[in-house]
Amino acid sequence: MPPKSKKGKDENENLGMMKAARFGRVKNDLSMGFVGLPNVGKSTLTNLLAGNNCAEAANYPFCTIDPNVSICIVPDKQFKYLADCYKPPSVVPAALKVVDIAGLIRGASEGAGLGNAFLSHIAAVDGIFHLVRAFDNDEIVHVDDSVDPIRDLETIESELCLKDKETLSKVVDREKDRVRKEKGISRSSEPPLSETFTSAYDKCMKLIESNTPVQTCNDFKDSEVEIIKDWGLITTKPQVYIVNMTQKNFVRKGSKWLPKIGDWVKEHGGGQIIPMSCEFEQNLADLGDDKESQKAFLDDLSAEAKKLGLKGPQAEVKSVLPRIIRSGRAALCLQSFYTCGPKEVRAWTIMKGTLAPQAAGVIHTDFERGFIKAEVCNYTDFVKHHDGQASMAKVKDAGKYRQEGKNYEMQEGDICVFMHNVSGKKK
């Protein structure tokens, strides 16, 4: 049996993310997209996350016209441990696809600026990093000439909701046409709509008219969710709010805008908020691979935080990029399992709730088609029992290497070998 998870804050957060992702596609190659006004730091942050400069970061609106796609390596201490243990010639970590989408302005839902292109690009991603600017800088122009994160949040959310309202206006007519065709009713007749459809429509319209993302509502029945999935609403996508501050405010863990942003998010259905600083992250990245310089830089900032009265973990200054990548992956309900051997250690990406045969199919379709069983060891058990060996021998001796069938639900951190057979022909 899989290990039992501990209940608490993390579990509640995961449940919330599962609810947010229930409207999305069931695939393993999902993507997150950066959404925000022009010049809030989307391209800079995309560059930093990917560790390169593939996005054209420039100080003018709409510098990102086509969405820039970056593949970000998922920070994973478990994977690193396994790679260091097996020391294979091939190491393949998990990755998250992140899309830098053109900046949005007021009126985008009606085609203003690059509105139509923006909305088509955001419709193509599976989750949203909602980046908001909370820093003043005269050298970086603001599209509205002043910094006000609450106004910016209202602008973005209202444009997304307006687009969804437009989408909903066409949903009823489509459903009526479908029912007429299904029941053979004439076009002049008013067809009956199901109670489930009407209930789902009313709930969505109420949320959208209050400028609240549809994905934040917990009152949808499973049958309503299945209907809403087909409508293509932008606000059904899970959102993670990222607040871009100055390095000074990031170090002191405070900004006059953070409490106001927190209140706004609560009033609009809630969600995860990650304070960060592109200024700080860029300064750290500019030090390259010089570990000593990086340590000195972080130590100086941590000392500065302590002088400001911060204590313990609050005084520690470190990069938030790993947290952003992990939060995006969690918002999409993705997790990893590992395959380990002398030739390769690889992290494979699957959705939470994936069963063993489907997980095997991520490696090769034949593995799913001819699935027999999965030999599984959880990462924690491997670390505890492998005794320094790059093998499962000691783990088997400890009774922690088990066999699972086709109904086994994969757990985060499972190390697997899949047994399959596709040689036999069906008669």
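Glutamate 224 forms a salt bridge with lysine 203, and the closest N and O atoms are 3.0 Å apart. Glutamate 224 lies in helix 7 (residues 222–229) and lysine 203 in helix 6, so this pair ties together parts that are 21 residues apart in sequence. Keep in mind as you look at it that this is a predicted model.

Lysine 165 belongs to helix 5 (residues 149–183) and glutamate 209 to helix 6 (residues 195–209), so the pair ties together parts that are 44 residues apart in sequence. Lysine 165 is partly exposed, with a relative accessible area of 37%, and glutamate 209 is exposed, at 54%.

An α-helix has 3.6 residues a turn, so residues three or four places apart point the same way. Lysine 80 is exposed, with a relative accessible area of 52%, whereas aspartate 84 counts as partly exposed at 41%. Salt bridges can also join up: Lys163, Glu166 and Lys170 are linked in a network of them. A search of the whole structure finds 17 salt bridges.

Let us step back to the chain as a whole. It has 16 helices and twelve strands. Of its 427 residues, 47% are buried. Its accessible surface comes to about 21800 Å², and 50% of that belongs to carbon and sulfur atoms. Among the contacts with a separation of 6 or more, 72% are between residues 24 or more positions apart.

What lies inside? In soluble globular proteins, nonpolar side chains tend to be buried together. In this model the largest nonpolar core has 74 residues, and Leu45, Ile122, Ile242, Ile324 and Phe382 touch the most other members. Take isoleucine 324 as a guide: leaving aside its neighbours within four places in sequence, it is in contact with Leu45, Leu49, Phe129, Ile242, Ile274 and Met276. A second, separate core of 19 residues includes Cys161, Leu168, Phe197 and Tyr201.

Isoleucine 324 is also one of the buried residues of helix 12 (residues 321–331), along with Leu321, Ile325, Ser327, Gly328, Arg329 and Ala331. Just after this helix, cysteine 333 takes a positive phi of about 60°.

Follow the chain onward and you reach strand 8 (residues 334–340), which pairs with strand 9 in the antiparallel sense over seven bridges. Strands 8 and 9 form a hairpin, with three residues between them. Within this pairing, tyrosine 338 stands opposite alanine 347 in strand 9. Strand 9 has another partner too: three bridges join it to strand 3 (residues 90–92), and these two strands run parallel. Valine 91 has valine 345 in strand 9 as its bridge partner. Strand 9 itself (residues 344–351) is mostly covered, with six of its eight residues buried.

Further along comes lysine 394, in helix 16 (residues 393–397). Lysine 394 is partly exposed, with a relative accessible area of 33%. Leaving aside its neighbours within four places in sequence, lysine 394 is in contact with His385, His386, Asp387 and Gln389.

A last look at the cysteines. How many disulfides are there? With two cysteine sulfur atoms required to lie within 2.5 Å of each other, the count comes to zero. Cysteine 161, one of the residues of the second core, is buried, with a relative accessible area of 2%. Cysteine 278 is buried as well, at 6%.

Conventions: Residues numbered from 1 in each chain as written. Predicted model: local features only at pLDDT ≥ 70, side-chain atom pairs only at ≥ 80, totals over all residues. Heavy atoms only, no water. Buried < 20%, exposed > 50% of the residue type's maximum accessible area, 1.4 Å probe, protein only. Helix = DSSP H or I, 4+ residues; strand = E, 2+ residues; numbered from the N terminus. Contact = heavy atoms within 4.5 Å. Pairing = 2+ DSSP bridges. Areas by Shrake-Rupley, 256 points an atom, 1.4 Å probe, with all protein chains shown as cover. Core = buried A, V, L, I, M, F, W, Y, C linked by side-chain atoms within 4.5 Å. Salt bridge = Lys/Arg side-chain N within 4 Å of Asp/Glu carboxyl O.
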